[in-house]
Amino acid sequence: DNAVYNLQYAFEVAEKELDIPIMLDANDIASTMRPDERAIMTYVSSYYHAFASSQQASQAANRICKVLNVNQENETLMEEYESLASGLLEWIEHMIPWIDQMREQRASSISEVKARLEEFRTYRLTVKPPKTEEKGKLITDYNTLQTKLRLSNR
């Protein structure tokens, strides 16, 4: 009696949770010493197919997640690149008049030459190096982005 209940319960759970139709009768299986082997194998194979399709769906979902993560990383890298490039371009546009002024104006005294030399030294040692690093990062980001987009066929 317990075996019949357990079999029937297992069949019902399989039907409800795995969409495996009830193909066997719990009473027939429990009352027979040797149940029909083909019927049992057919039922067991439906479990195999249910779990195999579940695994395929899981693999597909994992692949989709990976693609979405790569796209999200690419978008973040693009935004970072655009922000860095815009900032560098704004700085260059800001510096052009200063460089033109330094080049065009002639110093009238030694103290003025020393002041301009000190101003240029400050520019060369403190202002320019971080911008050179930004340019290097910009180039690296660009190459990384190009490679990632090429690899993802975009």
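Buried means under 20% relative accessible area, exposed means over 50%, and partly exposed lies in between, with a 1.4 Å probe and protein chains only. With that in hand, Tyr81 counts as partly exposed because its relative accessibility is 24%.

## About the model

This is a predicted model, in which local features need pLDDT of at least 70 and side-chain atom pairs count only at pLDDT 80 or more, while totals for chains, interfaces and linings use all residues. Residues are numbered from 1 along each chain as its sequence is written, and side-chain values use heavy atoms, with hydrogens and water left out.

## Overall architecture

The protein chain has four helices and zero strands, where helices (H or I, at least four residues) and strands (E, at least two) are DSSP runs numbered from the N terminus. Read from the N terminus, the order of elements is α-α-α-α. The chain is more spread out than a compact globule, because its radius of gyration is 37 Å, well over the 15 Å that the globule rule gives for 154 residues. That radius is taken over C-alpha atoms, and the rule itself is 2.2 Å times the number of residues to the power 0.38. Along the principal axes, the C-alpha trace spans about 115 × 30 × 20 Å.

How much of the protein chain counts as buried? Of its 154 residues, 16% do. The accessible surface comes to about 12,200 Å², and carbon and sulfur atoms hold 56% of that; these areas come from the Shrake-Rupley method with a 1.4 Å probe, and for residues only the protein chains shown count as cover. Contact means heavy atoms within 4.5 Å. Among contacts with a separation of 6 or more, 55% are between residues 24 or more positions apart.

The protein chain carries 18 positive and 24 negative charges, whose mean positions are 16 Å apart. Lys and Arg count as positive and Asp and Glu as negative, leaving out His and the chain ends; each charge is placed at NZ of Lys, CZ of Arg, CG of Asp or CD of Glu.

## Aromatic pairs

A pair of aromatic rings is described by the distance of the centres and the angle of the planes. Here, rings of Phe, Tyr and Trp (its six-membered ring) pair if their centres lie within 6.5 Å; planes under 30 degrees apart count as stacked, over 60 as edge-to-face and the rest as tilted. A search of the whole structure finds six aromatic pairs. One of them is stacked: Tyr5 and Tyr9, at 6.1 Å centre to centre with 10 degrees between the planes. These two residues are separated by about one helical turn, because they are four residues apart in helix H1 (residues 2–18). Tyr5 has 55% relative accessibility, so it counts as exposed.

Tyr81 and Tyr142 have ring centres 5.9 Å apart and planes at 40 degrees, so this pair is tilted. The pair links distant parts of the chain, 61 residues apart, with Tyr81 in helix H3 (residues 37–104) and Tyr142 in helix H4 (residues 110–151). Like Tyr81, Tyr142 counts as partly exposed, at 39% relative accessibility. From Tyr142 to Glu93, 49 residues away along the chain, the C-alpha separation is 21 Å. Elsewhere, Phe11, Tyr43 and Tyr47 form one aromatic cluster.

## Residues to visit

Is Arg116 buried or exposed? This residue of helix H4 is buried, with a relative accessible area of 14%. Leaving aside neighbours within four places in sequence, Arg116 is in contact with Met102, Gln105, Arg106 and Ala107. For Arg116 and Met102, 14 residues apart in sequence, the C-alpha to C-alpha distance is 7.7 Å.

Asp19 sits in the loop between H1 and helix H2 (26–31). Its phi is near 60 degrees, a positive value in a residue other than glycine, and Asp19 is exposed, with a relative accessible area of 66%. Ile92 belongs to helix H3 and is partly exposed, at a relative accessible area of 37%. Ile92 and Pro35 are 57 residues apart in sequence, and 85 Å lies between their C-alpha atoms.
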